[in-house]
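Please look over the sequence and the structure shown here before reading on. The report that follows moves from single residues to the whole chain and back again.

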Amino acid sequence: MKTVTKFGLAAALIALPSLGLAQEADVTPPMEEIGYIFTTFMFLVTGFLVMFMGAGFAMLEAGLVRQKNATMQLMKNVALFAIAAIMYYLVGYNLMYPGDGWTVLNVIGAFSPAALDPVGLADTTPDLTYASVGSDFFFQLMFCATTCSIVSGTLAERIKLWPFLIFCLILAGFLYPIQASWKWGGGFLNEAGFLDFAGSTVVHSVGGWCALTGALILGPRIGKYKNGTVTPFPGSNLTLATLGTFILWLGWFGFNGGSQLYMDTAANVADISRIFANTNTAAAGGAIAAMILTQILYKKPDLTMVLNGALAGLVSITAEPLTPGLGAATIIGAIGGILAVLAVPMLDKLKIDDVVGAIPVHLVCGIWGTIAVVFTNGDASIGTQLYGIVTVGIFTIVASAIVWMILKVVVGLRVSEEDEIMGLDMAELGMEAYPEFSKG
């Protein structure tokens with residue numbers, strides 16, 4: 001097979017006019033623009049993939065809640081995405097990436113709306129070493145929205161719609177961008193050497209901490225823990241939950257692959273393909289480990305645990321999907337799957353009601369994935385990784401607890417007992433996901 005150098009594609013583009021495939025030679029981008037074009041394109045495509053994870057969360061949650069609460073989960077996931085998009089534009093993006101405009105140096109970014117490149121890059125000298133502002137904004141927004149989605153599933157079936165959406169507004173506009181700037185915006189965690197490639201801590205543990213704090217303040221669902229026993233509430237549609245898991249698995253290629261941040265050289269493209277492969281095998285390792293462990297523990301494999309095992313593997317590899325080989329990535333994912341399975345009964349013993357298992361997947365495995373970086377990346381140190389985990393954890397717990405408590409006092413968080421028993425679909429929305437199904 002013919003070998004293509006890293007300049008082969010650029011050379012081919014320049015040669016197009018002579019092949020009769022372009023009308024004029026000056027329509028071909030100059031060499032310095034090629035990297036800018038491909039990196040921008042990468043952000044847009046990988047951003048599309050991460051955006052589709054919103055559908056994955058919606059399907060997963062709608063499938064794992066009871067029939068009477070499915071519409072509410074769909075509503076929350078659509079609404080939180082729209083809220084995140086607007087808040088990230090108004091304040092979040094520049095808080096997260098302040099450049100030289102820190103409000104508090106290396107701690108709090110700039111309070112100003114995002115501004116795109118001018119049409120046609122007119123009257124400007126763009127930084128052709130990176131990508132367009134629009135593509136970067138679009139890609140980074142998807143991570144912000146994902147953090148909000150993580151919270152939704154844990155608090156399902158008993159939280160009011162509007163207080164939850166207000167929390168998402170504050171999380172997307174302020175809490176997530178501030179702590180993300182500490183690593184990805186060039187803040188103090190980045191300067192300390194903390195490593196988190198695509199967000200095991202910055203995204204997933206933050207969503208997990210917010211969910212855990214909210215669950216503690218909100219309390220469990222009626223009848224979940226009674227007389228020292230745990231009452232199972234089976235999900236309404238495991239077909240939807242499985243579809244949601246596969247959508248999330250697909251979207252994760254954009255989540256991790258796009259976090260390479262550059263697609264301007266053969267080396268970067270090779271690394272992106274390596275990230276894709278490691279991401280996939282970590283999910284597989286998590287799913288298989290969960291299936292085997294539930295067979296051993298419960299004498300039958302548990303589909304919901306297998307689904308969360310795959311997601312646990314994905315979260316576990318997110319902090320460092322580049323440096324492991326396929327074998328190490330599989331092991332990292334498998335350990336994540338095991339941790340997720342073991343964390344579920346631990347939460348039940350503590351009477352922490354997590355409807356979809358988001359805390360084991362996103363918090364427990366977010367912490368594990370961040371620690372696992374030290375096993376494959378020689379630049380990581382366990383002390384610095386723990387420093388980052390603890391710092392982000394303390395900030396998120398305290399800040400989210402303040403927001404949850406204010407909402408509880410001012411507008412109330414929890415629906416009435418009558419509404420919870422009826423189901424939030426009818427109580428809060430007045431519509432059902434499956435209106436023609438009998439309510440046996």
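Which residues does Leu212 touch, not counting residues up to four places away in sequence? Leu212 touches Ile352, Ile359 and Leu363, where a contact means heavy atoms within 4.5 Å.

## How to read the model

This is a predicted model, in which local features need pLDDT of at least 70 and side-chain atom pairs count only at pLDDT 80 or more, while totals for chains, interfaces and linings use all residues. Residues are numbered from 1 along each chain as its sequence is written, and side-chain values use heavy atoms, with hydrogens and water left out.

## The protein as a whole

The protein contains 15 helices and two strands; these are DSSP runs, numbered from the N terminus, with helices being H or I runs of at least four residues and strands being E runs of at least two. Its C-alpha atoms fill a box of roughly 80 × 50 × 45 Å, taken along the principal axes. The radius of gyration is 23 Å, which agrees with the value near 22 Å that a compact globule of 440 residues would have; this radius is taken over C-alpha atoms, and the globule rule is 2.2 Å times the number of residues to the power 0.38.

Of the 440 residues, 52% count as buried, where buried means under 20% relative accessible area, exposed means over 50%, and partly exposed lies in between (1.4 Å probe, protein chains only). The accessible surface comes to about 18800 Å², and 69% of it belongs to carbon and sulfur atoms; such areas come from the Shrake-Rupley method with a 1.4 Å probe, and for residues only the protein chains shown count as cover. Among contacts between residues at least 6 apart in sequence, 78% join residues at least 24 apart.

The protein has 19 positive and 29 negative side chains, and the centres of the two sets lie 17 Å apart. In this count Lys and Arg are positive and Asp and Glu are negative, whereas His and the chain ends are not counted; the place of a charge is taken as NZ of Lys, CZ of Arg, CG of Asp or CD of Glu.

## The nonpolar cores

In soluble globular proteins, nonpolar side chains tend to be buried together. A nonpolar core is here a set of buried Ala, Val, Leu, Ile, Met, Phe, Trp, Tyr and Cys residues joined through side-chain atoms within 4.5 Å. The largest such core has 99 residues, and of these Leu171, Tyr176 and Trp404 touch the most other members. Apart from this core lies another, of six residues, among them Ala282, Ile317, Ile332 and Ala372.

Leaving out residues up to four places away in sequence, Leu171 touches Thr147, Cys148, Val151, Tyr176, Pro177, Val206 and Cys210.

Leu212 and Ser400 are 188 residues apart in sequence, yet their C-alpha atoms are 9.8 Å apart in space.

Helix H3, residues 70-96, holds Val78, and Asn94 is also found in helix H3. The C-alpha atoms of Val78 and Ala55, which are 23 residues apart along the chain, are separated by 8.5 Å. Asn94 and Pro177 are 83 residues apart in sequence and 8.3 Å apart in space, C-alpha to C-alpha. Leaving aside neighbours within four places in sequence, Asn94 is in contact with Gly109, Ala110, Ser112, Pro113 and Ala114.

Leu121 sits in the loop between H3 and helix H4 (133-154) and has a positive phi of about 55° although it is not a glycine; at 27% relative accessibility, Leu121 counts as partly exposed. Leu261, in the loop between helix H8 (238-257) and helix H9 (266-298), has a positive phi of about 75° although it is not a glycine, and is partly exposed with a relative accessible area of 28%.

Met431 lies in the segment after helix H15 (424-429) and is partly exposed, with a relative accessible area of 46%. The C-alpha atoms of Met431 and Asn69 are separated by 10.0 Å, although the two residues are 362 apart along the chain.
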